[in-house]
Amino acid sequence: MVGPYGDWLRFPYENKGNLYLIPEVDCCRVVTDVSVELLQRVPPATALLLRIGSIEPAAMLLDAADAFENGSTASDEAARAITNTGMLAEAIEGCTEAAAREFDISTQQRLLRAASFGMHFAFKDDPRERRAILGGNTEDPEDDSTFPSPITVAFVATARKLRILNAVRNPSVGFVLTSAQYDAITPTGVIARLIATKRPALASSASKYLSLPKSVQLFARASKAADFVAQQKHLSDSDAAQGAIQIIHEKGPSQSSKGVASSINRGGYATVAMAANKVGRPGVANLLLMLETSVADKVPALISTGSYPDAIAVATSAR
């Protein structure tokens, strides 16, 4: 690999079979017969923070947080020095940004703890600076209303993003993403790719955790239900359909499925029904289509199952 100033590094890949280099938005993906690796330049935020002898505010905050974790009284003095320079907010943002671009989970946790330490330390400062970091009205000190600041919003968003990234990076999933790639394809795109790679359970839990639009969550749950129907071939049609309904509604086996034909789940039953028909479970498909309330989704599903008279009846009775 040759850098922008002529420096180069050698990465041996002997005895790896086929080798493919795929350019990405912020790195190079190296695909061999046995592994997938990312070749990436160290992000500037990480380089400024973790380089030896760094005096950046974020590096000083990280040292102070490490001292606090070790029970050293020097942590208060180190954090106070950052506050006196008026760069506590910059230090918190630097630790948060570096954590988002880190792959090692222990380093992510260390950087997030440092950012959290900085936000907690803000309580010791004057109300104006505290509200600038944690949230609130910075103009009127008498105003007790609270609302999150951009710093706290970024911290929470980064923590949630890292939880999803670590889940998809797990070797059992094998969906390696960087923070920039996650932002480029958006969370909804991540859910779609998880479903495409046959990870509907993870897609369903991730969409709910990220509070994505209801339509995205429904699509993920429907994909999970379709996978359930395809896998549980030993179940009867009624049991398989009941299990799919519970998944669509996120209900456990002991919970009632009364009122299952909710408008919130319009289109979900038809999606699962078409998938069930494709895997040879027409009985399950017919049971699910009885609950579908969306004519636009129900008619194509009935046609795909060969129920042409029913499709004509539903289409002609629609208003």
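**Close-up views of a predicted model**

Among contacts in the protein (heavy atoms within 4.5 Å) between residues at least 6 apart in sequence, 48% join residues at least 24 apart. This is a predicted model, in which local features need pLDDT of at least 70 and side-chain atom pairs count only at pLDDT 80 or more, while totals for chains, interfaces and linings use all residues. Residues are numbered from 1 along each chain as its sequence is written, and side-chain values use heavy atoms, with hydrogens and water left out.

**View 1. Helix α12 and its cover.** Helices are DSSP runs of H or I with at least four residues, numbered from the N terminus. Helix α12 spans residues 268-278, and its buried residues (under 20% relative accessible area, 1.4 Å probe, protein chains only) are Gly268, Tyr269, Ala270, Val272, Ala273 and Ala276. The cover over these residues includes α10 (214-231), α11 (237-248), α13 (282-289) and α14 (295-304). After α12 comes Gly280, with a positive phi near 80°.

**View 2. The largest pocket.** A pocket is an open set of points on a 1 Å grid over the protein atoms alone, where a 1.4 Å probe fits, with protein on both sides within 12 Å along at least five of seven lines; lining residues have an atom within 4 Å of a point. The largest pocket has 14 lining residues, and Lys198, Ser223, Ala226, Asp227 and Ala275 lie nearest its centre. The elements giving two or more residues to this lining are α10 and α12; α10 gives the most, with 6 residues.

**View 3. The second largest pocket.** Residues lining the second largest pocket include Met1, Tyr5, Trp8, Leu39 and Arg41.

Key: Buried means under 20% relative accessible area, exposed over 50%, partly exposed in between (1.4 Å probe, protein chains only).
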